[in-house]
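Work through the exercises below with the sequence and the model at hand. Each task is followed by a solution in steps.

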Amino acid sequence: MALAAVGLYGVLAYSTEQRTREIGVRVALGAQRSGVVVLVVREMAIIAAIATAIALPSVVALARLFRSQLYGVTTFDPITLAVAVILTAVMVTLAAALPARRAATVEPMQALRTE
């Protein structure tokens, strides 16, 4: 999970950095900085929800494939899947909020000059 958290943070930080100019324009036009952060986190949460909807059926299907390699573990454990989904949702929220907050604090003129 730690490796996934680091990877998520890296991807989301890069994605948010690519949108610094857009965020600068939004702030220059009067958007609240907190509103910009909420917008970015909401968009990342939607992407994470879509990925989870695709991943869960895949996990169930692949668990049957790896049944012979699992010793003393059931192939389908709903509690473990639920905990993994919840932890991933928390990681996505934190990984999206930190870079979005940093990007929202950039001065609009500095964001418009970059690129």
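**Exercise 1: helix 3 against helix 4**

The axes of helix 3 (residues 33-65) and helix 4 cross at roughly 150 degrees and come within 9 Å. This is a predicted model, in which local features need pLDDT of at least 70 and side-chain atom pairs count only at pLDDT 80 or more, while totals for chains, interfaces and linings use all residues. Residues are numbered from 1 along each chain as its sequence is written, and side-chain values use heavy atoms, with hydrogens and water left out.

Task: classify the relative direction of helix 3 and helix 4, and describe their contact.

Step 1. Helices are DSSP runs of H or I with at least four residues, numbered from the N terminus. Axes are lines fitted to C-alpha atoms, for helices over the stretch in contact, and the angles run from 0 to 180 degrees between N-to-C directions.

Step 2. Angles over 145 degrees count as roughly antiparallel. Helix 3 and helix 4 are therefore roughly antiparallel to each other.

Step 3. Contact means heavy atoms within 4.5 Å. On the side of helix 3 the contact includes Val 40, Met 44, Ala 45 and Ala 48, and on the side of helix 4 it includes Val 92, Ala 96 and Ala 100.

Step 4. By residue class, the contact of helix 3 with helix 4 divides into 15 nonpolar, 2 polar and 2 charged. Here Ala, Val, Leu, Ile, Met, Phe, Trp, Tyr, Cys and Pro count as nonpolar, Asp, Glu, Lys and Arg as charged, and the others, Gly among them, as polar.

**Exercise 2: helix 1 against helix 4**

Task: give the angle and the axis distance for helix 1 and helix 4, then the make-up of their contact.

Step 1. Helix 1 (residues 2-18) packs on helix 4 (residues 78-104) at an angle of about 35 degrees, and their axes are 9 Å apart.

Step 2. Helix 1 and helix 4 have a right-handed crossing.

Step 3. Among the residues that meet are Leu 8, Tyr 9 and Leu 12 in helix 1, and Met 91, Val 92 and Pro 99 in helix 4. The contact of helix 1 with helix 4 holds 14 nonpolar, 1 polar and 1 charged.

**Exercise 3: the core and Met 44**

Task: which residues have the most contacts inside the largest nonpolar core?

Step 1. A nonpolar core is a set of buried Ala, Val, Leu, Ile, Met, Phe, Trp, Tyr and Cys residues joined through side-chain atoms within 4.5 Å. Buried means under 20% relative accessible area, exposed over 50%, and partly exposed in between (1.4 Å probe, protein chains only).

Step 2. The largest such core has 15 residues, and those with the most contacts inside it are Leu 12, Ile 23, Val 37, Val 40, Met 44 and Ala 96. At least two residues of this core come from each of helix 2, helix 3 and helix 4.

Step 3. Met 44 is in contact with Leu 12, Ser 15, Val 92 and Ala 96, leaving aside its neighbours within four places in sequence.

Methods:
A crossing is left-handed if the near helix is turned anticlockwise from the far one by less than a right angle, and right-handed if clockwise. Angles under 35 degrees count as roughly parallel, over 145 as roughly antiparallel, 65 to 115 as roughly perpendicular and the rest as oblique.
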